[in-house]
Amino acid sequence: MQDKVRVRIAPSPSGNLHIGTARTALFNYLYAKKTGGTFVLRIEDTDALRTEQAYVDNIFDSLKALGLNWDEGPDVGGEYGPYTQSKRFDIYPKYAQMLVDKGYAYECWCTNEELEHEKEEAVKNHKAYVYSRKCLNITPEQKEQYIKEGRKPSIRFKVEHKELVFNDMVKGELKFDTSLIGDFVIMKSNGAPTYNFAVVIDDMLMKITHIIRGEDHISNTPKQILIYEALGAKVPEFGHLGMILAPDRSKLSKRHGATAVSDFVKEGYLTDALINFVALLGWSPSDSHEIKTVDEIAQDFRINEISSSNSIFEYDKLNWMNGQYIKKMDISKLTDLIIPFLSDYDLSELSREKLEKMVEITREPLTTLKDIKDDVPYFFGQKVPYDEVKDLLGTELSRNVLTKFIELATSWDFCDEEKIHNDLADFRAYFKEKYSYKPKETMWAVRAALTGRTKGADMAGIIMILGKDRVISRAKDGLNLKIGA
RNA sequence: AGCGGUAUCGUCUAGGGGUCAGGAUAGCAGAUUCUCAUUCUGUUGACACGGGUUCAAAUCCCGUUACCGCCGCCA
């Protein structure tokens, strides 16, 4: 009988949630969803110096924003808590002692200097460093001596030399010669467990059945399997994902720009687009629809179909995808998300209705929400700068168009967008017929006067949002510019 | 140095002994629109290299190269 699937994500709160961690979380989440399993969140905060509560909060918030909700974790609890590693410190020594008692581990009294020396020797002889095992069989007298010197022992795992093979869910069969590993520390001399030991104990106790993580952990895997075996515990399945690389093929880091999910959000990326994009790094849908929600992806997800190679994080496709999500998102929700990016403007000038209208007519060209800032200044304030369109407004054509525009628009209904749209069409037709002005020339004059620009959103929408007074006064400003010049 | 992993258009990928090597994105060209953009249509572009195995190799095997990762009392 197959155990119920339990997977986990175990971020360490020494920074905001990294996009790579988000992808790992996603694949774990997808696997849990697909198999009806449980998704566990564990916070690995054993490094007290680098841990900050703000990072823990950021991890929670980011994961939630991405839609990766966990079934068990520090906040929601669960049967196998605590889910914060620092609250589990009393657990590890017991198991370490058990391994010592059974002869799977031993105390090591070597100082850092001694260890350093061994490593230097190895480097000098062009050999891989493997711990010498000199503490494996120390006499009681030596031990007595070390204690007298005030030394504190670490505990090393005694690595059995053999060929270790496991079947990786994404990479296939992986083989290791454990004689190359060397006895590694499981408990530091300060009493804290090392990473490799703590994860195994935690994963074992939390009954994790499948460990899906980045391939930077591949070489930890044989060590961890050895510990499982020594403990007499069932070894979980492992699956190692390729890494996300920056465009220069190096590790994605601050110098490449955004790395944390919250950074991307600040840049104006939608979390839905982000998680969708990141899913496509290594996974591809069986149909040809790439735009999918996490739950839709889960339906179609097969862990063994994940690409096992690294992939490069390029913005081209993310930008496109973000634009797609912006275009199809609910206007009210989109408006809420866009408001923080409009801090340069006095939003009290616009009713919520008009604000949403503005978002509706300006969303199309956006690749990120941040872009909206430069596309909307003319919706605010009374006047508009004409520096960019001075020459255009100075033409006879513009004067002609604007004169007529003021005359006609005065009697337009500024609450009926559809009607304004038609009025504008008639307006263009009139000038085309009477003066042979191209429709776009006619509109350029109007647009220039009302917005100070030659390009932008739908004119009917703009006119409606601006309202009669501003439309007429700006049209007059545009017209008078010629006289002044 | 050693050990492990990976190699298909610029990028993300599909495919997998016989395919015009498919799609997406980016690029380019055209169409539509009041502008920009969107959208639509078309188009450029790839099996790392060398040996095998085979009637047939991008696909299987070996080697080389490149890249990534790991070699901590970090996680």
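Predicted model: local features only at pLDDT ≥ 70, side-chain atom pairs only at ≥ 80, totals over all residues.
View 1. Residues are numbered from 1 along each chain as its sequence is written, and chains are lettered from A and ligands numbered from 1 in the order in which they are written.

**View 2. The surroundings of RNA strand B.** Here you can find 60 residues around RNA strand B, with Ser12, Tyr195, Ser309, Pro365 and Lys455 the closest; a residue is near the strand if its C-beta atom, placed from the backbone, lies within 6 Å of it. Two or more residues each come from β6 (172-177), β11 (311-312), α11 (315-328), α18 (439-451) and α19 (459-484). Helices (H or I, at least four residues) and strands (E, at least two) are DSSP runs, numbered from the N terminus. Sorted by class, this surface has 22 nonpolar, 21 polar and 17 charged residues. Nonpolar means Ala, Val, Leu, Ile, Met, Phe, Trp, Tyr, Cys and Pro, charged means Asp, Glu, Lys and Arg, and the others, Gly among them, are polar.

View 3. The 13 residues of α2 (residues 53-65) reach 18 Å from first C-alpha to last, close to the 18 Å expected at 1.5 Å a residue, where the expected span is 1.5 Å times one less than the number of residues. Tyr55, Ile59, Ser62 and Leu63 are buried in this helix. They share one side of α2 because they cover an arc of only 95° around the axis, taken from the directions from the helix axis to the C-beta atoms. On the face turned away, look for the exposed residues Gln53, Ala54, Asp57 and Lys64. Buried means that 20 or more other C-beta atoms lie within 10 Å of a residue's own, exposed means 12 or fewer, and partly exposed is in between, with C-beta atoms placed from the backbone. The cover over the buried residues includes α1 (19-35) and α8 (261-266). Just after the helix, Gly67 has a positive phi of about 85°.

**View 4. Ile59, a residue of helix α2.** Ile59 counts as buried because it has 27 C-beta neighbours inside 10 Å. Leaving aside neighbours within four places in sequence, Ile59 is in contact with Pro11, Pro13 and Leu17; contact means C-beta atoms, placed from the backbone, within 7 Å.

**View 5. Val170, in the loop between β5 (163-168) and β6.** Val170 is partly exposed, with 19 other C-beta atoms within 10 Å. Beyond four places in sequence, its contacts are Gly239, His240, Leu241, Ile303, Asn304, Ile306 and Ser308.

**View 6. Helix α7 and the glycine after it.** Within α7 (residues 221-231), the buried residues are Thr221, Pro222, Lys223, Gln224, Leu226, Ile227 and Ala230. They pack against α3 (91-101), β4 (154-157), β5, β6, α6 (195-205) and β9 (237-241). Gly232 follows α7, and its phi is positive, near 70°.

Methods:
Contact = placed C-beta atoms within 7 Å.
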